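I opened this notebook to record what I looked up, one topic at a time.

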Amino acid sequence: GATDNVVTLLDYGAGNVRSVRNAIRFLGFDIKDVQTPEDILNANCLIFPGVGAFAAAMDVLNKKGMAEALCTYIENDRPFLGICLGLQLLFESSEENGPVRGLGLIPGVVGRFDSTNGFRVPHIGWNALHTVKDSEILDDIGKRHVYFVHSYRAMPSNDNKEWVSSTCNYGDNFIASVRRGNVHAVQFHPEKSGDVGLSILRRFLYPKSSTTKKPGEGRASKLAKRVIACLDVRTNDKGDLVVTKGDQYDVRENTGENEVRNLGKPVELAGQYYIDGADEVSFLNITGFRDFPLGDLPMLEVLRYTSENVFVPLTVGGGIRDFTDANGRYYSSLEVASEYFRSGADKISIGSDAVYAAEEYIRTGVKTGKTSLEQISRVYGNQAVVVSIDPRRVYINAPDDVEFKAVRVTNPGPNGEEYAWYQCTVNGGREGRPIGAYELAKAVEELGAGEILLNCIDCDGQGKGFDIDLIKLISDAVSIPVIASSGAGVVEHFSEVFKKTNASAALAAGIFHRKEVPIQSVKEHLLETGIEVRM
Ligand code: 1PR
């Protein structure tokens with residue numbers, strides 16, 4: 001085990017392993033980074049949080065001579081924990097942009113989830129496991145959920161039976177963890193799985209402290225519906241970074257001073273929501289469209305501090321686009337996103353820039369590969385790229401009145417209109433664009449978005465419920481997960497959106513900030529109504 005309280009970390013520089021580092025430090029260990037193959041061979045305890053694409057990872061490992069060292073280390077039964085791609089690389093090969101050869105330690109091929117059978121890909125979110133043998137680090141996991149985010153998976157077979165310690169059901173029964181002796185690997189992210197994840201890491205780091213030997217009573221489950229807390233962040237007129245919240249995107253108070261509504265400090269609130277049971281936390285830098293976010297260092301600091309104590313996924317959005325600063329220095333959107341990832345974000349969210357990209361794509365039919373969406377998802381993977389849509393309802397009398405996809409609305413408009421289309425906006429709802437939410441969602445899915453955050457300006461801050469018509473329209477149109485947002489006022493709004501639409505998650509802001517509805521009571525209500533959630 002990690003006797004000297006030092007963990008060796010294999011970070012080959014492909015992406016964000018900050019949360020793994022934070023979790024290791026949180027558990028009281030120091031980190032030694034692998035520089036050479038010898039560092040692998042000399043490790044007492046090695047963690048390999050694979051990130052990025054399979055082929056790129058194998059490439060680096062082979063070039064640096066680390067593939068061979070890893071094989072030797074693992075064959076000698078030295079303490080090892082692979083995470084996500086760190087599990088997949090142990091197999092013979094992967095179909096991800098391949099076939100590509102892996103380390104070949106475990107028989108089997110890593111393949112892609114099939115989205116044609118109604119399961120959304122990437123597989124993002126919380127599942128319980130089905131434990132099939134004693135895995136030590138998963139002892140006592142029981143029915144508790146862990147966090148997955150991936151599009152590829154390995155399947156159990158007769159050939160790899162001696163390795164498989166748990167499976168998870170998501171369309172397929174895929175391998176969730178493997179274990180042989182001191183060698184462990186997990187497909188999920190313990191560093192993002194809250195308390196459960198931290199205790200898994202703790203068991204790995206302190207192997208002797210686990211005394212129970214009976215396998216945990218795991219069981220397969222459905223993917224849990226996620227409850228997400230959202231923090232709209234901006235600097236107020238005094239220059240402090242505050243969590244604010246608008247009514248239909250207007251964040252200023254109706255007082256003489258017209259000040260920016262201040263609902264608390266971002267790091268504190270995010271920490272509180274984590275403790276309260278939020279499945280994810282999102283930060284939206286809502287003035288990012290006009291202020292360059294890398295000039296806005298406080299936001300990066302907010303991420304750094306938050307990720308030290310918050311072990312669920314963090315998303316950040318606002319201002320992700322190409323930018324030239326006052327000194328003429330050019331920053332690509334990829335650089336902006338990278339800075340967010342380095343500071344602790346697990347996903348970035350793109351608003352305005354995705355609208356322009358989708359418009360262009362629909363007009364030309366050509367994927368240039370140059371949009372922020374395409375560039376960031378190519379480097380960090382689709383699952384790391386969320387597109388935030390800010391649509392406004394536009395009532396019409398007949399669906400053919402516009403060239404955009406319209407729906408028959410549940411509640412007719414002010415003049416008895418029975419239809420509406422949802423017009424996309426940019427710059428925090430200030431400017432309407434000639435594209436509908438439906439067209440945008442389809443286009444950004446093709447361009448590489450891994451998830452959609454679906455707001456609705458009409459419902460924002462109103463507490464009257466989500467826009468079911470809109471959420472149904474979009475969640476049926478795409479095969480990536482859709483996060484329903486805007487309008488939650490009571491717990492019943494959450495069960496309504498999950499019963500009536502195919503949303504994968506529901507996000508709220510105002511009711512949590514004003515402490516009107518605790519996250520825990522949302523979860524309890526969902527559970528009571530038969531909806532699977534992580535408790
Ligand atoms: O365009 O890439 O710079 O991204 C800007 C981001 O900031 C977008 O994601 C956009 O949604 C967000 N944004 C911009 N202006 C505002 C504003 O409020 N003035 N906030 C804004 C969006 C909406 C939701 C809110 C839900 C739930 N906030 O995130 O949290 O509506 O609220 P509720 O539960 O209180 O109803 P770019």
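I count two residues as in contact if their C-beta atoms, placed from the backbone, lie within 7 Å. I am reading a predicted model, in which local features need pLDDT of at least 70 and side-chain atom pairs count only at pLDDT 80 or more, while totals for chains, interfaces and linings use all residues. Residues are numbered from 1 along each chain as its sequence is written.

Entry on G264. I looked up its contacts and found that, leaving aside residues up to four places away in sequence, G264 touches V243, L269 and H513. I placed G264 in the loop between β16 (241-244) and α7 (266-276), where helices (H or I, at least four residues) and strands (E, at least two) are DSSP runs, numbered from the N terminus. I then noted that G264 is partly exposed, with 15 other C-beta atoms within 10 Å; a residue is buried at 20 or more such atoms, exposed at 12 or fewer, and partly exposed in between.

Entry on the sheet. I traced eight strands forming an open sheet of mixed pairing, in the order β2-β1-β3-β4-β14-β13-β12-β9, taking two strands as paired if DSSP finds at least two bridges between them. Because β2 (30-33) and β9 (130-131) stand at the edges with a single partner strand each, one side of each is left without a neighbour in the sheet. I also saw that β12 (residues 164-170) and β13 (residues 172-180) run antiparallel and are joined by six bridges.

Entry on domains. The domain assignment, automatic or from a database, gives domain 1 (6-209) and domain 2 (226-528). Their contact takes 23 residues from domain 1 and 21 residues from domain 2.
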